[in-house]
Amino acid sequence: MDTNQFEEFSVEELFKELLTDESWESDPEIREGVSSYMFYVVCGYV
Amino acid sequence: MSRIEETQQNIIDASSFKTPEKIPVGADISGWALAYSGVNYEQVIDHPEIYAKTYLKIFDELPLDFTALNYDPIVPFTALNKVGCYDYTLSEDKTGITHRQSDSSYMGPEVYNQIIADPDKFMTDTLLKTKLPSLQGTRDEAYDAVKESAKEYAKYYRASRIMNDYFAENEIYHLVQSRYNYFSPFNLIFDRIRGIKNSLIDIRRIPEKVFAATDALWEREKISLAFDPSDGGDPLPMSVSVYHSECFLSPDLFDRLIWKYFVESIGPTMEAGKKFYLFGEGRLMHLYDKFREFPKGSTIICPDSDDPIEVYNKIGDWATIMTGVPALLLASGTKQECVDYVKRLFDTFGPNGGFIYYTNKELISSKDAKVDNLFATYQMADELSRGRG
């Protein structure tokens, strides 16, 4: 696998943007879940 | 004193070689609990309330003081599927979640240079884009995929919230809830980056690369594990580590790849009075004496494949043995054999502290224990745990 072919963007920044996605505005629990998911993924538990 | 406070005190006393009011009795149960309720993951994963309710049924019925899982979501395999990761899948009977290590895609040996050059970029970018293929395209494509994945993850999160509330209301203590959770950099390479086979070859063919990579990963990781003296003196919540590759390592390699970082990160917590819980995987008899470097009573060992009596003879004067009936016996033995084993454990370990009763392995799926055997062992353990002082 040639990792140089990956698009250049920060996964962490992508998650931070997802945290403020307007889709979650009406449901704080989903936003908490996104935060938990971000921790799970960004900390490398995959 | 609340029931949870009593359990905490009993764990502290038992692991400090004092006779506790009650020998703590705990269990580590995941998918087996669903099978006990007659369901499987496939049937409940889209319904968090049903998932939590069916999972928790066994905890209404077993006499338990604590559990070790922290009930953050289990491996959210359907959420990972949404970002192209299929490393985790359901077992044949759909009551267990399996890490398909032999089928996973791992990175080549050139990865060591990437880690050494920029461990932060590697961990937060390259590794994630490798393990989650939907992140390899454009940012917009990745955003949409992660958003769908996050919606799926919300189901797991909802279920875990219900489970956490249940354990709080029922005063069942969570053993593992500390931020001092040490997973060695080499285990990361072993488990997720190079895979078991490749990494064990690497430490023989290119050891200096492996050492440099684990050092680089550690420099990044140690910040989050940095010891805070302000909370270091409390015995609980305890520090924790899961041993994974360690059973394959010689003492010298263990010192270089595992112990070196452990002493730096978890060592200060143990010196300060915090308990440390080691969940072993595989045979570790050649390593247990290492814990004599830390104060007596600071270590709690949950042996996996080692005979607990042998572990007790090796280090039972220094560390607490947290164990129970072997999973194999629970799955295939008779009820009498299981009950006799519980009596043997309590008679051998019980009277003067240094013993906590626990599942010998996590009960992951339906065939990990016969229902009658599990109930018989916990009824006996509950009876024997009281008034042993």
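Biologist: Which residue of chain B forms a salt bridge with A:Glu17?

Modeller: Bearing in mind that this is a predicted model, A:Glu17 forms a salt bridge with B:Arg139, and their closest N and O atoms lie 3.0 Å apart.

Biologist: And how many salt bridges are there across the interface of chain A and chain B?

Modeller: The rule finds four salt bridges across the interface of chain A and chain B, and the count of residue pairs in polar contact between these chains, with both residues at pLDDT 80 or more, is eleven.

Biologist: Which elements give two or more residues to the side of chain A that touches chain B?

Modeller: Those elements are α1 (11-19) and α2 (28-42) of chain A, and α2(A) provides the largest share of that side, with ten residues. By class, the side of chain A that touches chain B is made up of 17 nonpolar, six polar and eight charged residues.

Biologist: What area do chain A and chain B bury between them?

Modeller: They bury about 3,200 Å² between them, with 63% of it on carbon and sulfur atoms, and the contact draws 31 residues from chain A and 38 residues from chain B.

Biologist: Switching to the strands, what is the order in the open sheet of chain B?

Modeller: The open sheet has three strands in the order β1-β2-β5, with parallel pairing, and its edge strands, β1 (26-27) and β5 (173-174) of chain B, each pair on one side only.

Biologist: Over how many bridges do β1(B) and β2 of chain B pair?

Modeller: β1(B) pairs with β2 (residues 66-67) of chain B over two bridges in the parallel sense, and B:Ala27 stands opposite B:Thr67 in β2(B).

Key:
Residues are numbered from 1 along each chain as its sequence is written. Chains are lettered from A and ligands numbered from 1 in the order in which they are written. This is a predicted model: local features need pLDDT of at least 70, side-chain atom pairs count only at pLDDT 80 or more; totals for chains, interfaces and linings use all residues. Side-chain values use heavy atoms; hydrogens and water are left out. Contact means heavy atoms within 4.5 Å. Buried area is the accessible area (1.4 Å probe) that two parts lose on being put together, summed over both. A salt bridge is a side-chain nitrogen of Lys or Arg within 4 Å of a carboxyl oxygen of Asp or Glu. A polar contact is a pair of N or O atoms within 3.5 Å; within protein, one must be able to donate a hydrogen and the other to accept it, and residues adjacent in sequence count only if both atoms are side-chain atoms. Helices (H or I, at least four residues) and strands (E, at least two) are DSSP runs, numbered from the N terminus. Ala, Val, Leu, Ile, Met, Phe, Trp, Tyr, Cys and Pro count as nonpolar, Asp, Glu, Lys and Arg as charged, and the others, Gly among them, as polar. Two strands pair if DSSP finds at least two bridges between them.
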